[in-house]
Amino acid sequence: MVKFNLDKVIFYLNQEYDFTWLQSLGKVFAVFSQNDCGNISFGVDNSKEKFFIKIAGLKTIESIQTQQEAITTLKSAMQIYTDIKHQNLIKLIRHDSFDNLYIAVFQWAEGDCLFDHWNFETYQKNPKILPPAKRFKQLPLSKRIDSADVVFSFLDTVSKKGYVAVDFYDSSILYDFHSDTTTICDIDLFRKKPTFNNMGEDYYGTKRFKAPEEYRYGDIIDEATNVYTLGALLFNNYFGNYTDKEIQQRYENNAFTPCSLENWEFTKECYHVALKAVSIEKSKRYSTISEFHTAWNAALSAK
């Protein structure tokens with residue numbers, strides 16, 4: 001394991017590497033190195049603008065992919081960012097091969113990740129520091145409703161562009177508590193329709209959110225799967241409350257579970273709309289994000 005210190009930002013890799021070229025782009029002010037995808041990312045500031053720079057091909061500590069697999073995945077993702085245009089999606093500026101690596105440069109988006117797992121140890125050591133997910137839950141309902149509307153809009157656009165969201169969960173969402181802006185920051189594994197589960201139980205995604213078909217080899221992954229994902233987000237991050245034990249049970253049981261109405265912070269009309277979205281049987285869900293959104297808006301307007 002090799003320790004690096006770039007502009008007083010410390011991180012580790014499983015190899016030596018010269019980052020002079022990165023520092024020539026500006027001052028490094030952030031690093032995201034604890035990802036299982038095999039990428040390492042940096043925040044860089046050149047005093048005029050900030051960039052989010054994603055690099056594939058280095059020997060990262062947490063990677064479950066080979067260096068070449070990480071390069072192939074990131075390179076393939078560039079077309080996805082090009083195809084899916086949405087005002088709340090992080091902006092891709094350029095991408096290219098460099099020094100046996102693949103580099104993608106994005107416009108920096110301010111905000112905190114709603115599942116910042118790399119900071120969990122800090123929160124455990126300092127209980128007074130609230131994670132972004134808990135700070136988000138303390139926001140007024142109106143702000144959370146607006147943020148949810150962004151995700152509805154984004155996933156509807158994803159479908160209309162001919163894609164399905166894959167590995168989309170709270171770690172893919174940034175929230176800026178100063179401007180109340182929601183940004184989608186990671187869509188690397190999205191797939192063109194039609195697609196199916198070619199990995200069985202190990203299909204991409206967290207067990208906190210995965211739909212039943214995301215555990216079954218050969219099952220179709222489609223817009224109704226994304227309906228389930230969005231419903232799970234509404235329960236987990238926006239309006240539902242769970243104990244740590246209840247969340248752990250999802251990992252143990254390979255199954256998301258909605259919270260009870262008593263632990264839902266919003267109206268019963270919205271609860272039942274979200275509940276339908278996470279139906280185990282796909283045929284009982286909304287078939288499209290648009291249909292789900294229409295039902296959600298109707299519930300919001302209910303007296």
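Hi everyone, let's begin with threonine 229, which is found in helix 6. One thing to keep in mind as we go: what you see above is a predicted model.

So, is threonine 229 buried or exposed? Its relative accessible area is 6%. Buried means under 20%, so threonine 229 counts as buried. Who are its contacts? Leaving aside residues up to four places away in sequence, threonine 229 touches Phe168, Phe209 and Glu214.

Two packed helices are described by the angle between their axes and the distance between the axes. For helix 6 and helix 9, the axes cross at roughly 40 degrees and come within 9 Å. That angle makes helix 6 oblique to helix 9. On the helix 6 side, the contact is made by Glu223, Asn226, Val227, Leu230, Gly231, Leu234 and Phe239. Helix 9 brings Ile289, Ser290, Phe292 and Trp296. Sorted by class, the residues of this contact are 7 nonpolar, 3 polar and 1 charged.

Next up is helix 8, which covers residues 268-277. Which of its residues are buried? They are Cys270, Tyr271, Val273, Ala274 and Ala277. Picture yourself looking down the axis of helix 8: these buried residues fall within an arc of 165 degrees, so they line one face of the helix. And what does helix 8 pack against with its buried residues? The partners are helix 6, residues 223-239, and helix 9, residues 289-301.

Let's finish with helix 8 and helix 9. Their axes are 8 Å apart, and the packing angle is about 165 degrees. Angles over 145 degrees count as roughly antiparallel, so that is how helix 8 runs relative to helix 9. The crossing of the two is right-handed. From helix 8, the contact uses Glu269, Cys270, Val273, Ala274 and Ala277. From helix 9, it uses Phe292, Ala295, Trp296, Ala299 and Leu300. By class, that contact has 9 nonpolar residues, no polar ones and 1 charged.

Before I stop, find Phe292 and Trp296 of helix 9 on the screen. Both take part in the contact with helix 6, and both also take part in the contact with helix 8.

Key. Residues are numbered from 1 along each chain as its sequence is written. This is a predicted model: local features need pLDDT of at least 70, side-chain atom pairs count only at pLDDT 80 or more; totals for chains, interfaces and linings use all residues. Side-chain values use heavy atoms; hydrogens and water are left out. Buried means under 20% relative accessible area, exposed over 50%, partly exposed in between (1.4 Å probe, protein chains only). Helices (H or I, at least four residues) and strands (E, at least two) are DSSP runs, numbered from the N terminus. The arc is that of the directions from the helix axis to the C-beta atoms. Contact means heavy atoms within 4.5 Å. Axes are lines fitted to C-alpha atoms, for helices over the stretch in contact, and angles run from 0 to 180 degrees between N-to-C directions. Angles under 35 degrees count as roughly parallel, over 145 as roughly antiparallel, 65 to 115 as roughly perpendicular and the rest as oblique. A crossing is left-handed if the near helix is turned anticlockwise from the far one by less than a right angle, and right-handed if clockwise. Ala, Val, Leu, Ile, Met, Phe, Trp, Tyr, Cys and Pro count as nonpolar, Asp, Glu, Lys and Arg as charged, and the others, Gly among them, as polar.
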